[in-house]
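Dear colleague,

I am handing over the structure we spoke about, and below it you will find my notes on what came out of the analysis. Please read them with the coordinates open beside you.

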Amino acid sequence: MAISYSQALDFVQRFAQAVATDKEYLTELDAAIGDGDHGINMDRGMRAVLPKVDALTEGDVASLFRTVAMTLISTVGGASGPLYGTVFLQLATALKDKPEVQPADWSLALASAVGGVQSRGKAMPEDKTMVDALLPASQALSDQLAAGASFDAALKAAEEAAEAGMKATIPLVARKGRASYLGERSAGHQDPGATSSWLLMKAAREAFAEGS
Ligand code: ADP
Ligand code: MG
C-alpha cells in the first residue's frame, strides 16, 4: 500500500524515460507557441538527474526528490527548470521524515507541489500552463481517496484528469509564460508544460499502482 523507495525511484526514472521518448513532441508543441525548447530542456534536466539518483543510497524518498529538484534547478534554463524544481522540492518537503509514504501522504505532497508551482509562477487555472494539468490531477487524487477509492483507482483518475486538463489547454489563450507574448495566437495549440505534467502523472500511476 505504501510507496516504497524503489517505487519513488521508478517514478523518477519513468518520467525521465517518458520525457526522452516525447522530447521531439514536447519541443514541437513549444515551437508553436514558445521557443521550441521544452522537450530539450526537460530531457537535459532528467538526463542529468538519472546518474545523480543512481548514486544515492537507497532509503529516504524526501532526499531522492530533493536531489531531483536541485538537479533540475541547476541544469534546466527556462521557466520549466525552476517550476519542475519546485514540484520536486515541495514533494521532498512534504515527505520529509515520513518513514513510509502512504497514499494520503502522496496526495498532500502533490497538492503542496501544485501550490508551490502556483506561488512561484503565479499561474491560475486556465492560464494555459502546467497548472492546468497538475491542479485537476491533484484534486482528482484527493477526491478519489476521500471517497474511499483504492490508491490504484485514484492514481488512474489523477492521470486522466491531467490528460483532460492538458487537452483543455488547446483553446485557451496563454496568460503566463512565453506563450502569453502571442496573445490570441496562442489559442489552438496544446501547452507543452501541461503535456509534460501529464507525463509526470502517468509516471506516478505506473510506478505506484499495486497492479504494476
Ligand atoms: P521557456 O518558456 O522558458 O522556454 P519551457 O519551454 O521549458 O521554458 O517551458 C514552457 C512551459 O512552462 C509552458 O508550456 C508552461 O506550461 C510552463 N510555464 C511557463 N510559465 C509558467 C508559469 N508562470 N506558471 C506555470 N507554468 C509556466
Ligand atoms: Mg520554451
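Ring pairs join F11, F65, F88, W106 and F208 into a cluster. Please keep in mind throughout that this is a predicted model.

Aromatic pairs

With ring centres within 6.5 Å taken as the condition for a pair, the count comes to eight aromatic pairs. One of these is formed by F11 and F208, whose ring centres are 5.3 Å apart and whose planes meet at 50 degrees, so the pair is tilted. Since F11 belongs to helix 1 (residues 5-21) and F208 to helix 9 (residues 192-208), the pair ties together parts that are 197 residues apart in sequence. F11 is buried, with a relative accessible area of 0%, and F208 likewise counts as buried, at 2% relative accessibility.

F65 and W106 also form a tilted aromatic pair, with 6.4 Å from centre to centre and 50 degrees between the planes. This pair, too, links distant parts of the chain, for F65 lies in helix 4 (residues 61-75) and W106 in helix 6, 41 residues apart. Both F65 and W106 are buried.

Backbone in the loop between helix 6 and helix 7

Two residues deserve a look when you go through the backbone angles. Most residues other than glycine have a negative phi. K122, however, has a phi near 60 degrees, a positive value in a residue other than glycine, and K122 is found in the loop between helix 6 (103-121) and helix 7 (131-146). At 55% relative accessibility, and with exposed meaning over 50%, K122 counts as exposed. E126, which is also placed in the loop between helix 6 and helix 7, has a phi near 70 degrees, again a positive value in a residue other than glycine.

Conventions: Residues are numbered from 1 along each chain as its sequence is written. Chains are lettered from A and ligands numbered from 1 in the order in which they are written. This is a predicted model: local features need pLDDT of at least 70, side-chain atom pairs count only at pLDDT 80 or more; totals for chains, interfaces and linings use all residues. Side-chain values use heavy atoms; hydrogens and water are left out. Helices (H or I, at least four residues) and strands (E, at least two) are DSSP runs, numbered from the N terminus. Buried means under 20% relative accessible area, exposed over 50%, partly exposed in between (1.4 Å probe, protein chains only). Rings of Phe, Tyr and Trp (its six-membered ring) pair if their centres lie within 6.5 Å; planes under 30 degrees apart count as stacked, over 60 as edge-to-face and the rest as tilted.
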